[in-house]
Amino acid sequence: MPIRPGWLTPTGQTRQTTRMTALGAGTPADAFTSRSGILPGSADGTYRVSGLSLTSSGPMTATVHAGRALVQGRPEQGAYPVALDGDTVLAFGDGDPLNPRIDLVVLRVYDDDSDDLARHEAVLEVVVGQAKAAPVAPPVPAASLALFTVRVKPGASAGTGGIDWAKDVTDLRTTIASVGGILPVYNNAGVPGAYPGQYQDNDVAHHLQRWSGTGWVAYPREIGGIAPQGALSVGGYPGQYREHNGVLQRWNGTGWAAYQPPVESETLTTGAVALANWAVTSYEARRTRGGVCSMAVVLNRTGPQVDANSAGNIVDEPLCTLPAGWRPAVSMDAMASDGYGDGSAWISAGGQVTLRTWVSNGALVNGRNLRVSATYILP
């Protein structure tokens, strides 16, 4: 079956060839060139791309099936419409005895007017790779559209089982669409757009995308909505949000920054109740919505003096109770000081503050103010 290139041969282009290669497709790559690619579609609409597909036809042979494509040459050459109007069998050489290799299947255009290779035709070619321990695919020839890579294992031949067609073939085909058309993405989701307002249907991300001029943006995009993972690489406006690896990010105009919401908090200055021999002078507390509380209570000694021994021991001295909702989740120690000495207070989960130790040979003197402060997690 012939491969029909449009507007390539110097003479003899038939009306049938002209009809078959009138693709009406050209996805711009820039102002003067088009992307190389395959027209999408399948007979029943099930598959995104069926043209120029590859299936096994033997241990060392494969069949490339019919399809239509556009192959861009150098800018001055233009883009060549090509139609393969029937299935074509390709043969692969036997494997190297020691090392694997990677062969490249391409749709290649020869145009003697541009390449001086004395040919005017389009062909399917197997570009043979170099056998080595870590093989790589050979470079794509000029005026060619890469279709597949095929890994040929060491010693592969028709007699040894040949190529593992289920595992060692990589699909490189990409799609094209006419200017203004929505491009059905196939192996080319990351290719930049050609103009702001271009659209593509991203089958992996399952949404329509619009090229913003700097990146593909999910469309429609509700103002104020949070873009899902992978939908945005560049923000559309300062204050836009996106989900990124479990972290909420905000676009600040030049980059994405992890969003730190303002800390919501409330304060309280009443509610601490003094116990015997003490009077509350002041009480200040601040708690966040996240459940962290910082508090400081100042108490004046109204009862008799309490003396600490040389070890700093005193009889536990109840000071006050804290208001409900502002008490620690579990009992904890806090710092206490009157400017002359210091000690340790204990705050129970029930909210009672009790002084338990004091400075060695120090005293709690009538009329002095004692300050207790702590930060803790709320229940």
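Three strands form an open sheet in the order β3-β4-β7, with antiparallel pairing; strands are DSSP runs (E, at least two residues) numbered from the N terminus, and two of them pair if DSSP finds at least two bridges between them. β3 (54-58) and β7 (88-91) stand at the edges with a single partner strand each, so one side of each has no neighbour in the sheet. From one strand to the next the twist averages 35°, with axes as lines fitted to C-alpha atoms and angles running from 0 to 180 degrees between N-to-C directions. β3 and β4 (residues 61-64) are joined over 4 bridges in the antiparallel sense, and T55 stands opposite T63 in β4.

A word on the model: it is predicted, so local features need pLDDT of at least 70 and side-chain atom pairs count only at pLDDT 80 or more, while totals for chains, interfaces and linings use all residues. Residues are numbered from 1 along each chain as its sequence is written, and side-chain values use heavy atoms, leaving out hydrogens and water.

Now to another open sheet, this one of 4 strands in the order β12-β13-β14-β15 with mixed pairing. Its edges are β12 (183-184) and β15 (216-219), each with a single partner strand, so one side of each is left without a neighbour in the sheet. β13 (residues 199-202) and β14 (residues 207-211) pair in the antiparallel sense over 4 bridges; the bridge partner of Q200 is Q209 in β14.

Beyond its neighbours within four places in sequence, F92 is in contact (heavy atoms within 4.5 Å) with residues including M60, V126 and W165.

Finally, the salt bridges: a side-chain nitrogen of Lys or Arg lies within 4 Å of a carboxyl oxygen of Asp or Glu. The count comes to 11, among them these:

| Pair | Closest N to O |
|---|---|
| R4 and D85 | 2.8 Å |
| E76 and R74 | 2.7 Å |

R48 lies in the loop between β2 (37-38) and β3 and D201 in β13, so this pair ties together parts that are 153 residues apart in sequence. R4 is buried at 14% relative accessible area, whereas E76 is exposed at 57%; buried means under 20%, exposed over 50% and partly exposed in between, with a 1.4 Å probe and protein chains only.
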